[in-house]
Amino acid sequence: MSLAVQRDTTLRVICADLPAPPLFWKDENGYRHGYETDVARLLASKLGLETELVYQNWAEFYPALDANQGDILLCGQGISDYRKSLADFTQPYAVFDEAVMILRGDQVRTPADLVGKRVGAIANSLNMVLAESFTDCITVPFAGDSDDVMGDMVKALRAGKIDAFVDDDVALVPLAEEADLAIAFTVPTQNEWGIAIKKGQPAWLARVNQALSEVKASGELKQLWQKWMPTLRYPF
């Protein structure tokens, strides 16, 4: 079945099958909740399609998109020059700052406190770009080739293999509720997150962008934002 025919009925959304509330997670019945999940469902509805979630490891996102295993990639993709070399991007559906996570009790309050320390981040991410901007820290890339790259970074932090890691603040705030984890500081980077589309599909990109414009104009996107992230300012 061709990609065009599949789009007649289903929007296949490439994403990660791991817990990252309030963006996405599954309940005990296997139903997926969260802001990004609901954005995908809302856009599919606007496009007149059903939603199908296509789970991939983080490292396989763009190969899967190139191989036509999904129609869009909607999963925590800050728009960077590197990622724009891999795919085309819609206008943003979210804007987030970044934060540094440490073990509770560690004396890290500013980037200067990370000198000589091992700081993790997902490889080739905007989080890694921020980590690399911290003077004289030792960056540790996580490839994202496991089932749970966020869990990998937390385990490495708890095991003492890294001293801190960088991720978007929206993903770290829930983790900071755990007894042994804390947010050291937040950097107001205001990274824009977009939906990745396989290169060479301008009509499809325009169609997804139009649907995104419609849900912004109608206030539906704002409603989802305020449902899942009421403490964060809606950015549009």
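How do the axes of helix α2 and helix α9 cross? They come within 10 Å and cross at roughly 160°. Before the details, a word on the model. It is predicted, so local features need pLDDT of at least 70 and side-chain atom pairs count only at pLDDT 80 or more, while totals for chains, interfaces and linings use all residues. Residues are numbered from 1 along each chain as its sequence is written, and side-chain values use heavy atoms, with hydrogens and water left out.

## Helix α2 and its two partners

Names first. Helices (H or I, at least four residues) and strands (E, at least two) are DSSP runs, numbered from the N terminus. Axes are lines fitted to C-alpha atoms, for helices over the stretch in contact, and angles run from 0 to 180 degrees between N-to-C directions. Two packed helices are described by the angle between their axes and the distance between the axes.

Helix α2 covers residues 35-46, and helix α9 covers residues 220-228. Their crossing angle of roughly 160° makes α2 roughly antiparallel to α9. Angles under 35 degrees count as roughly parallel, over 145 as roughly antiparallel, 65 to 115 as roughly perpendicular and the rest as oblique. The crossing of α2 and α9 is right-handed. A crossing is right-handed if the near helix is turned clockwise from the far one by less than a right angle, and left-handed if anticlockwise.

Which residues make this contact? From α2 come Tyr35, Asp38, Val39, Leu42 and Lys46. From α9 come Glu220, Leu221, Leu224, Trp225, Lys227 and Trp228. Contact means heavy atoms within 4.5 Å. By class, there are seven nonpolar, no polar and four charged residues in the contact of α2 with α9. Here Ala, Val, Leu, Ile, Met, Phe, Trp, Tyr, Cys and Pro count as nonpolar, Asp, Glu, Lys and Arg as charged, and the others, Gly among them, as polar.

Helix α2 also meets helix α8 (residues 202-218), where the axes come within 9 Å and cross at roughly 110°. That makes α2 roughly perpendicular to α8. Leu42, Leu43 and Lys46 in α2 touch Ala211, Leu212, Glu214 and Val215 in α8. This contact holds five nonpolar, no polar and two charged residues.

## The five-stranded sheet

Now to an open sheet. Its five strands follow the order β9-β8-β10-β7-β11, with mixed pairing. Strands β9 (138-142) and β11 (181-193) stand at the edges. Each has a single partner strand, so one side of each is left without a neighbour in the sheet. On average, neighbouring strands of this sheet are turned by 25° against each other, direction ignored.

Strand β8 (residues 118-122) pairs with β9 in the parallel sense over five bridges. Two strands pair if DSSP finds at least two bridges between them. In this pair, Ile122 stands opposite Phe142 in β9.

Helix α6 (residues 149-158) packs on the sheet, touching β7, β8, β9, β10 and β11. The direction of α6 makes about 155° with that of β10. Gly151 sits in α6 and is buried, with a relative accessible area of 16%. The C-alpha atoms of Gly151 and Ala20 are separated by 9.5 Å, although these residues are 131 apart along the chain.

## Strand β1

Buried means under 20% relative accessible area, exposed over 50%, partly exposed in between (1.4 Å probe, protein chains only). In a regular strand the side chains alternate between the two faces of the sheet. On one side of β1 lie Thr10, Arg12 and Ile14, and on the other Leu11, Val13 and Cys15.

| Partner of β1 | Bridges |
|---|---|
| β4 (residues 50-55) | six |
| β5 (residues 72-73) | two |

Cys15 stands opposite Tyr55 in β4, and Val13 stands opposite Ile72 in β5.

## Backbone details

The peptide bond from Pro21 to Pro22 is cis, with omega near 5°. Pro22 lies in the loop between β1 and β2.

Asp136 is not a glycine, yet has a positive phi of about 60°. Asp136 lies in the loop between α5 and β9 and is exposed, at 58% relative accessibility. Gln190 is not a glycine either, and has a positive phi of about 50°. Gln190 belongs to strand β11 and is partly exposed, at 39% relative accessibility.
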